[in-house]
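Subject: Structure for you to look at, with notes

Dear colleague,

Here is the structure I promised to pass on to you.

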Amino acid sequence: RIFLVGIYQSSLPASYLQKGLQDLGLTSRLAGDINNASHMANVINKDDLLIYFSISGNLSNFHKSLGELEDSMPDNAFLITLNPKAELSQLFKTTILLPGHSILKKTVIDSQSLSMIFVEMLFEQVHEGLMEAGKL
């Protein structure tokens with residue numbers, strides 16, 4: 001099972017990933033706010049895939065939403081962030097650091113845009129994998 005979380009500014013790339021996975025025939029569950037994520041925490045287990053988008057990488061939204069998972073994170077839990085010093089990295093086995101943290105402080109470019117480009121690249125990889133496996 002696939003669970004996607006993105007809260008506030010991180011909700012757009014998470015939502016975009018969910019729709020793209022659906023287009024590729026893969027079902028996933030999405031939480032785009034603290035309330036929905038907190039309800040999701042009760043059904044995520046060790047065998048699930050958790051992709052957590054957090055531009056800032058701070059712990060506060062995680063504790064408010066998925067905090068009860070802190071000691072029982074899925075084996076396949078990925079943090080996608082722009083912050084090279086993300087506090088959340090300590091909770092995830094894998095952190096994907098996207099470029100742009102210092103650039104975004106000096107520009108009006110929407111911070112979600114870099115995550116959206118990453119999601120596009122991820123779609124391509126998933127599509128290729130599904131093609132190779134004969135599932136598309």
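What follows is an account of the sheet, the helices, the salt bridges and a few single residues.

Please bear in mind that this is a predicted model, in which local features need pLDDT of at least 70 and side-chain atom pairs count only at pLDDT 80 or more, while totals for chains, interfaces and linings use all residues. Residues are numbered from 1 along each chain as its sequence is written, and side-chain values use heavy atoms, with hydrogens and water left out.

The sheet

Helices (H or I, at least four residues) and strands (E, at least two) are DSSP runs numbered from the N terminus, and two strands are taken to pair if DSSP finds at least two bridges between them. On that basis the model holds an open sheet of 5 strands, ordered β2-β1-β3-β4-β5, with parallel pairing. Because β2 (29-31) and β5 (94-97) stand at the edges and have a single partner strand each, one side of each is left without a neighbour in the sheet. From one strand to the next the twist averages 15°.

Strand β3 (residues 49-53) runs parallel to strand β4 (residues 76-81) and is joined to it by 5 bridges; Leu 49 has Asn 76 of β4 as its bridge partner, and Ile 51 has Phe 78 of β4. β3 also pairs with β1 in the parallel sense, again over 5 bridges, and here the bridge partner of Gly 6 is Phe 53 in β3. As for burial (buried means under 20% relative accessible area, exposed over 50%, and partly exposed in between, with a 1.4 Å probe and protein chains only), β3 is mostly covered, with 4 of its 5 residues buried.

The helices

How do the axes of α1 and helix α5 (residues 112-132) cross? They come within 9 Å and cross at roughly 20°, where axes are lines fitted to C-alpha atoms, for helices over the stretch in contact, and angles run from 0 to 180 degrees between N-to-C directions. Angles under 35 degrees count as roughly parallel, over 145 as roughly antiparallel, 65 to 115 as roughly perpendicular and the rest as oblique, and α1 and α5 are therefore roughly parallel to each other. With contact meaning heavy atoms within 4.5 Å, the residues that meet include Leu 12, Pro 13 and Tyr 16 of α1 and Met 116, Val 119 and Phe 123 of α5.

Gln 18 is also found in helix α1 and, at 15% relative accessibility, counts as buried. If its neighbours within four places in sequence are left aside, Gln 18 is in contact with Leu 4, Ser 28 and Leu 30. In helix α5 you will find Met 131, which counts as partly exposed at 44% relative accessibility; its C-alpha atom is separated by 25 Å from that of Thr 94, 37 residues apart along the chain.

The salt bridges

A search of the whole structure finds 2 salt bridges, a salt bridge being a side-chain nitrogen of Lys or Arg within 4 Å of a carboxyl oxygen of Asp or Glu. Asp 48 is buried, with a relative accessible area of 3%, whereas Arg 1 is partly exposed at 46%.

Lys 93 and Asp 75 also meet through their side chains in a salt bridge (3.6 Å, N to O). This pair, too, links distant parts of the chain, 18 residues apart, since Lys 93 lies in the loop between β4 and β5 and Asp 75 in the loop between α3 (59-65) and β4. Lys 93 counts as exposed at 64% relative accessibility, and Asp 75 as partly exposed at 38%.

A loop residue

Tyr 8 lies in the loop between β1 and α1 and has a positive phi of about 55° although it is not a glycine. Tyr 8 is exposed, with a relative accessible area of 55%.

With best wishes
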